[in-house]
Amino acid sequence: MSDKPVSAAIDGWYSLDHEQPHLIGAQCTVCGTYYFPKTISYCRNPGCDSSSFNELPLSREGKIWSYTNACYQPPEPFVADDPFVPYAIAAVELEREKMIVLGQVIKGVGVDELKVGQPVELALEALHEDDDTIKVTWKWRPQA
Amino acid sequence: MSNDIAILGVGMHPWGKWGKNFTEYGVHAARAALADAGIPWQDVGFVSGAATMRCGYPGYVAGATFAQALGWQGAQVNTSYAACASGSQALAAAQAKILSGECEVALVVGADTTPKGFLAPAKGYRPEDPDWLRFYLGITNPTYFALYARRRIDLYGDSEADFARVKIKNSEHGFTNPNARYKKKFTLDEVLNSAMVADPLRLLQICATSDGGAAMIVSSMDYAKRLGKTNPVKVAAVSTVTPTFASAVVEMPDIATDSAAAAGVEAHSFRAALPVKAYEQAGIGPEDVDVAEVYDLSSALELDWYEDLQFCPRGEAASLVREGVTRLGGRLPVNPSGGLACFGEAVPAQALAQVCELTWQLRGEAGDRQVSGAKVGITANQGLFGHGSSVIVKK
Ligand SMILES: [Zn+2]
């Protein structure tokens with residue numbers, strides 16, 4: 001990684017605290033349903049007509065619901081390294097939120113090191129670089 | 001009984017990469033369906049088109065585009081877009097018109113011309129669009145299919161060979177289908193040695209995209225009787241129900257599921273809901289089904305559908321393919337057409353192609369791929385943004 005300044009690939013979706021990053025979600029103030037992304041202006045619970053939400057950090061730890069990898073370079077808007085380096089992807093269940101969040105798995109961890117039910121935590125890592133900055137995103141990291 | 005409509009004619013343009021305008025495929029399929037029905041184009045009172053998003057404005061107004069191409073004759077027109085379920089929603093619109101008595105005969109038609117490779121989203125920086133966002137983060141269509149496949153391996157003990165058996169079965173089924181694009185029988189070795197795309201799915205286990213067109217002529221039972229068709233194949237149910245909050249499975253193109261944290265909210269599976277509604281509408285059960293066409297976007301996904309269609313308890317689908325139950329000659333053949341494995345997906349035409357195949361099967365006109373004595377068939381498919389469908393046809 002170069003020494004360019006770091007910025008979020010998607011603004012406002014996660015904290016940039018590199019030690020203990022977390023996704024920034026929303027919670028309905030009436031029924032308690034969680035949302036990620038937080039860009040929500042109406043509650044989607046059919047039994048709730050609220051349009052009032054609190055922003056809050058989501059659980060930074062969860063368990064793998066399923067996982068896979070990308071052996072081929074995705075199309076744009078994905079920005080690939082040259083040459084393309086395959087990466088693993090995990091769908092992670094958050095217990096408190098009762099939801100599943102997708103994300104890449106940190107570099108260097110392959111599918112043969114993952115299994116359903118395995119505990120993981122949120123990390124920040126480069127998604128790609130542009131001329132001026134390193135664009136970081138959330139990724140899942142297996143817990144020791 | 002009174003909720004049935006007759007399928008008078010079906011037709012397709014062969015799937016492939018022909019590089020022609022989608023309208024040409026639609027017209028070809030529509031004319032084949034008209035000829036099959038034995039009625040003149042002028043008798044059609046309602047044209048229900050399935051839209052394509054990749055062919056410019058004519059694709060957005062597909063109903064009118066096909067009506068104009070076939071020759072304006074004053075029919076009412078409709079266009080439906082619902083991703084993979086577009087054709088079924090177009091069929092549902094025709095069903096409603098016919099059952100309400102507003103029209104007697106309808107043409108339902110969908111066709112597509114597809115670009116090469118991955119289906120990519122529109123350009124720009126648009127993080128508010130989940131379809132754009134997931135590609136930006138490196139999550140493609142095979143990612144989702146692979147997540148579901150991996151669950152089967154880790155939860156039910158399915159193997160890569162089980163998924164390969166689905167592909168081999170479908171490749172044998174589609175081998176002689178004149179409308180199929182891929183006509184090659186694969187061996188276990190060939191499938192298991194093809195390139196890994198999204199672990200555990202390999203290239204030969206993931207469907208491609210194709211050009212193609214499919215059409216149906218449907219009518220009131222009265223009109224069919226007046227034509228002398230006393231026992232036509234009938235549409236008994238068209239289910240296009242949405243998921244129920246909270247959706248428990250991470251679905252394309254979303255990056256997260258609904259949260260089931262609120263009081264009184266339970267997590268539900270969308271795929272399972274689609275056939276439940278279809279069975280209820282048709283007044284029949286899974287035990288009555290003789291043949292099925294399901295959306296094998298991946299070979300592993302076909303196994304999920306067996307369970308969602310209630311052909312077996314959850315987790316036991318692999319045994320159906322191992323024991324040959326779902327191959328031609330088995331008790332309940334699935335994808336006798338060859339499925340997406342042999343066609344590749346032509347989005348707005350695919351749900352209609354499924355019904356075309358079942359119509360040929362129920363008429364006994366399916367040639368080498370005939371399911372003997374088939375009287376009831378069901379389709380299932382699912383696409384983006386909670387769109388899916390299940391159609392039941394019967395003799
Ligand atoms: Zn709410």
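Analyst: Leaving aside its neighbours within four places in sequence, B:Ile392 is in contact (heavy atoms within 4.5 Å) with B:Lys234, B:Val235, B:Ala236 and B:Ala237, with B:Ala278, B:Tyr279, B:Ala282 and B:Ile284, and with B:Val376, B:Gly377 and B:Ile378. B:Ile392 is also among the residues with the most contacts inside the largest nonpolar core, which has 97 residues, and there it is listed with A:Phe36, A:Trp138 and B:Phe311. Such a core is a set of buried Ala, Val, Leu, Ile, Met, Phe, Trp, Tyr and Cys residues joined through side-chain atoms within 4.5 Å, where buried means under 20% relative accessible area, exposed over 50% and partly exposed in between, with a 1.4 Å probe and protein chains only.

The model is predicted, and local features need pLDDT of at least 70, side-chain atom pairs count only at pLDDT 80 or more, and totals for chains, interfaces and linings use all residues. Residues are numbered from 1 along each chain as its sequence is written, chains are lettered from A and ligands numbered from 1 in the order in which they are written, and side-chain values use heavy atoms, with hydrogens and water left out.

The UniProt record, an unreviewed entry, annotates residues 277–393 of chain B as "domain: Thiolase C-terminal"; positions from UniProt are in the numbering used here, feature names are shortened, and annotations may be inferred rather than shown by experiment. Over residues 277–393 of chain B the chain is 38% helix and 15% strand, with its end C-alpha atoms 14 Å apart; helices (H or I, at least four residues) and strands (E, at least two) are DSSP runs, numbered from the N terminus.

Helix H10 of chain B, residues 270–282, holds B:Arg271, which counts as buried because its relative accessible area is 8%. Not counting residues up to four places away in sequence, B:Arg271 touches B:Tyr148, B:Leu301, B:Asp304, B:Trp305, B:Asp308 and B:Gln382. The side chains of B:Arg271 and B:Asp308 are joined by a polar contact of 2.9 Å, that is, a pair of N or O atoms within 3.5 Å of which, within protein, one must be able to donate a hydrogen and the other to accept it, while residues adjacent in sequence count only if both atoms are side-chain atoms. In the loop between strand S8 (233–239) and H10 of chain B lies B:Ser269, which counts as partly exposed because its relative accessibility is 31%. A polar atom of the B:Ser269 side chain lies 3.4 Å from the backbone nitrogen of B:Ala272.

B:Asp308 belongs to the buried residues of helix H11 of chain B, as do B:Leu301, B:Asp304 and B:Trp305. H11, residues 299–308 of chain B, is mostly covered, with 10 of its 10 residues buried. Just after H11 of chain B, B:Gln310 takes a positive phi of about 65°.

Most residues other than glycine have a negative phi, and most peptide bonds are trans. B:Asn335, in the loop between helix H12 (317–322) and helix H13 (339–343) of chain B, has a positive phi near 55° and is buried, with a relative accessible area of 0%.

The peptide bond from A:Phe36 to A:Pro37 is cis, with omega about 0°, and A:Pro37 lies in the loop between strand S3 (34–35) and strand S4 (53–57) of chain A.

The zinc ion is coordinated at 2.3 Å by the SG atoms of A:Cys28, A:Cys31, A:Cys43 and A:Cys48; donors are N, O and S atoms within 2.8 Å of the metal (3.2 Å for Na, K and Ca), and water is not among the atoms, so sites may look incomplete. Along the chain the donors follow the spacing C-x2-C-x11-C-x4-C, and both A:Cys43 and A:Cys48 are buried. The arrangement is tetrahedral because the 4 donor atoms subtend angles of 104 to 114°; four donors count as tetrahedral if all angles lie between 85 and 135 degrees.

Note on methods:
Tetrahedral: all angles 85-135°; square planar, octahedral: opposite > 155°, others 65-115°.
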